[in-house]
Amino acid sequence: MRIALQELLRQPGRFVPVGVALTLLVVLLVVLGGFLDGLELNQTGAYRAHDNRLLVFADDADLQLQRSRITGDTAQDVEAVAGVGTVGWLSQAASTASPASTAAEPGEDAQIQDVIVFGYDQSTDTIPAPPGDRGAVVDAVLADLIGIQSGDTVVLGPSAEEVTVSQIVGDLTQGAPTVWLSTADWRAVIGASDPTALPREQTTQALVVTPADGNTSGLAERIDTQVEGVSAATPEQVIGALDVVQSQSSTFRGIIGVTFAVTLLVVALFFALITLERVGLYSVLKAIGARTSDLLLGISIQAVVISVVALLVGIAASLAFVAVLPADLPVRLLPSRLGLIAVGTVVTALIGSLFTLRRILSIDPAEAIG
Amino acid sequence: MASRPVYPESKVDDTTSRRKLLQVFIALKEIRRSLGRFTLLTGAVGLLVLLLLFFQAVAGTLTLGITGAVESSAADVLVYDERARLNPQASILPVQTVEQVATVDGVAAAAPISISVFTATTAEEDVDVTVFGGDPTGPSVPKELSAGRLPQAEGEAIFSGSSLDSTFELSDQITVGTDELTVVGVADDAAFNVAPTFYVPFDTYARLVQERAGSPIDVPLSLVGVAVSEGADAQQVAARITDRIDGVQAVDRATAVAEVPGAGQITQSFGILYLLLFVVVTIVTGVFFLILTVQKADALVLLRAVGASRFDVVRPVLLQVVIIVGLGAVGGALVASGLLRAAQDTFGAQLSLSTTVTTVLAILLLGLVASLGAIRRVLKVDPVQATTKAGI
């Protein structure tokens, strides 16, 4: 073990090539992981903002908000289910948003942004209560993109409906940045700008259910059973039902898996070459009493050290790389993903180094004397 | 007793040819003797090529699924609400814009285009579909049909599918609300938003929208499609429309395709991944051959000392690069093709021959570039070193 570490310290140049290759693979893994998380988070912000609540959809909507329509009568039926605290309406429509200052200057379209406008009734841990009176809650991504702050006026849609920003909240991106209005304001704004996107009168796309005791366990089943034509689910279940998110996630997970396989092959290849170089040395070591396990331990330690160094450099390089990417690319680096990649890389490198086992086992100590 | 290599001397008289054969022989013999190492490299290159081709196939399919409707449109120019930033789904225009556009010089025909997503019921399942409402005889529909005819009556539709989604055949029917749409024509690669796309007459579209809204609302347009007069330049006509009509932005079709939301993001995202993969292939190949060269430095010194020229020792390295990287690239391409074929329902993507050939050649070229470090090392081998202890 000491010899292995000494070699790393005294001849670092020997390990630079594999270190560089591993570093690049770490960058690739981190960027892929960034895309995986970015794509998922960018399309689910509004659902994640309803943690500890249930979302209720029409049962033929497959938990898809845009497909679902629920009438006011059904909402009352849901409210009557035991364990239901409060019920709010939730609807969405695509639109555009820009600061009022640029709305009057058609040439300056750089600050016009595609948005999803939500109409809602209930506050959550993330979203404050609906402001009403044409007040809007705006997510931080939109605020950054078009340069607005609380108190500013924003115009929505082609008919330039004015709303006033009452509060800016965290990232609630749902395919596009989001604007949150009270249900009444939402109907007024969308009705004026794109009436084709409005559900019928006294109809909403989905319901948000807050449990009376804060516990959603069993409540979804009770709602499904007692109210005809609806399907209740937690935000996690709704996200899980999004085909786009699921197919993107499974694709990127597969790609990350293949990248780990490449990492395994690269490490195995490098240590196969290194071992070949050291056959004479290993013969001597075996001749003076070293066991195969000692030699393998040395190689494994070198693999772990190289992979840790590659991880540190690779993650730093990835952070720098992602920082210079265009802001609209869906890349998010999460500590949990970085942790998974780190563990995966070290384990992969360790397994790759063990590919030399057969070669080391076949070394005969007698070779040391020629 | 060790077997002695048999050189094909008897069949080859020419010295140059014999040397070439010998170089090939050395390169192949080394690969055969170190099959494990070379197999690992071939596997690594193969997997990286698999990823590259997979990305390219999926990116191509996704991009076409997003932009197909605009790319294959019969319209030379598309007119948007100026606040929509060339996003068809954010664009809303009053119906009278069609008449205004039709009066602009260079416009041969103007037709309405309205776009919305509906949930349709098919024999098997509910599916979200994009419906384009317009004038089937004007620049509202795809330029070419691969089967069937244009809609002539209400309830008739042209279908175009993204290969990622459900497909419909001629005479298939879907139900939207209480209305039935019957497929009378099929267009290739004219889908929008990666969803099954139906082109219907504007009246049919308006009825679908009004039924969903539950009231006879005025149905606005999303875009106006424009066919330009013969000999007119689409960009100039677009600029003229933008100048003459308040509140609109007109662009030629190529610009409209480039600006479809999501398409640029996909191109950029996958471009980054291509770049990283190409760099990784280059580095891995370069590192491997460099280490290999360093390890056989003594043998190379000896070869040079007994009369081998620099080229004699370089050529086997180049041959090995071509063989190993080539095999990896071709193997990766075959596996990628097989996987995409097997997962057709999931990814809807196929490899195009041109993409595959270009990628394999690019990888091969990069492999050769990557081997420059090893070749430099080989060229630096000095035969005089054979006379020193350190040399051999």
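**Close-up views of a predicted two-chain model**

**View 1. B:Val280 sits in helix H7 (residues 263-295) of chain B.** As in every view here, the model is predicted. With a relative accessible area of 1%, B:Val280 is buried. Look for B:Leu48 in this view: 232 residues separate B:Leu48 from B:Val280 in sequence, and their C-alpha atoms are 8.1 Å apart in space. Setting aside neighbours within four places in sequence, B:Val280 is in contact with B:Leu48 and, from the other chain, with A:Leu24 and A:Leu25.

**View 2. B:Leu273 and B:Phe289 have the most contacts inside the largest nonpolar core.** This core has 126 residues, and helix H2 (residues 35-71) of chain B gives the most to it, with 19 residues. Which residues does B:Leu273 touch, once those up to four places away in sequence are not counted? From chain A they are A:Leu28, A:Val31, A:Leu32, A:Phe35 and A:Phe252, and from chain B there is B:Phe55. Another core, of 40 residues, lies apart from this one and includes B:Val107, B:Val127, B:Val131 and B:Val248. As background, nonpolar side chains tend to be buried together in soluble globular proteins.

**View 3. Helix H1 (residues 15-33) of chain B crosses helix H9 (residues 310-342) of chain B at roughly 50°.** The two axes come within 9 Å. The crossing of H1(B) past H9(B) is right-handed. On the H1(B) side, the residues that meet H9(B) include B:Arg19, B:Gln23, B:Ile26 and B:Glu30. Among their partners in H9(B) are B:Phe311, B:Asp312, B:Arg315 and B:Leu319. Sorted by class, the contact of H1(B) with H9(B) has 10 nonpolar, two polar and five charged residues.

**View 4. A:Ser353 lies in helix H13 (residues 335-353) of chain A.** Is A:Ser353 buried or exposed? A:Ser353 is buried, because its relative accessible area is 0%. Not counting residues up to four places away in sequence, A:Ser353 touches A:Val267, A:Phe271, A:Ile299, A:Ser300 and A:Ala303.

**View 5. A:Thr183 belongs to helix H7 (residues 183-193) of chain A.** The relative accessible area of A:Thr183 is 15%, under the 20% cut-off, so A:Thr183 counts as buried. Leaving aside neighbours within four places in sequence, you will find A:Thr183 in contact with A:Trp89, A:Gly119, A:Tyr120 and A:Asp121.

Technical notes: Residues are numbered from 1 along each chain as its sequence is written. Chains are lettered from A and ligands numbered from 1 in the order in which they are written. This is a predicted model: local features need pLDDT of at least 70, side-chain atom pairs count only at pLDDT 80 or more; totals for chains, interfaces and linings use all residues. Side-chain values use heavy atoms; hydrogens and water are left out. Axes are lines fitted to C-alpha atoms, for helices over the stretch in contact, and angles run from 0 to 180 degrees between N-to-C directions. Helices (H or I, at least four residues) and strands (E, at least two) are DSSP runs, numbered from the N terminus. A crossing is left-handed if the near helix is turned anticlockwise from the far one by less than a right angle, and right-handed if clockwise. Contact means heavy atoms within 4.5 Å. Ala, Val, Leu, Ile, Met, Phe, Trp, Tyr, Cys and Pro count as nonpolar, Asp, Glu, Lys and Arg as charged, and the others, Gly among them, as polar. A nonpolar core is a set of buried Ala, Val, Leu, Ile, Met, Phe, Trp, Tyr and Cys residues joined through side-chain atoms within 4.5 Å. Buried means under 20% relative accessible area, exposed over 50%, partly exposed in between (1.4 Å probe, protein chains only).
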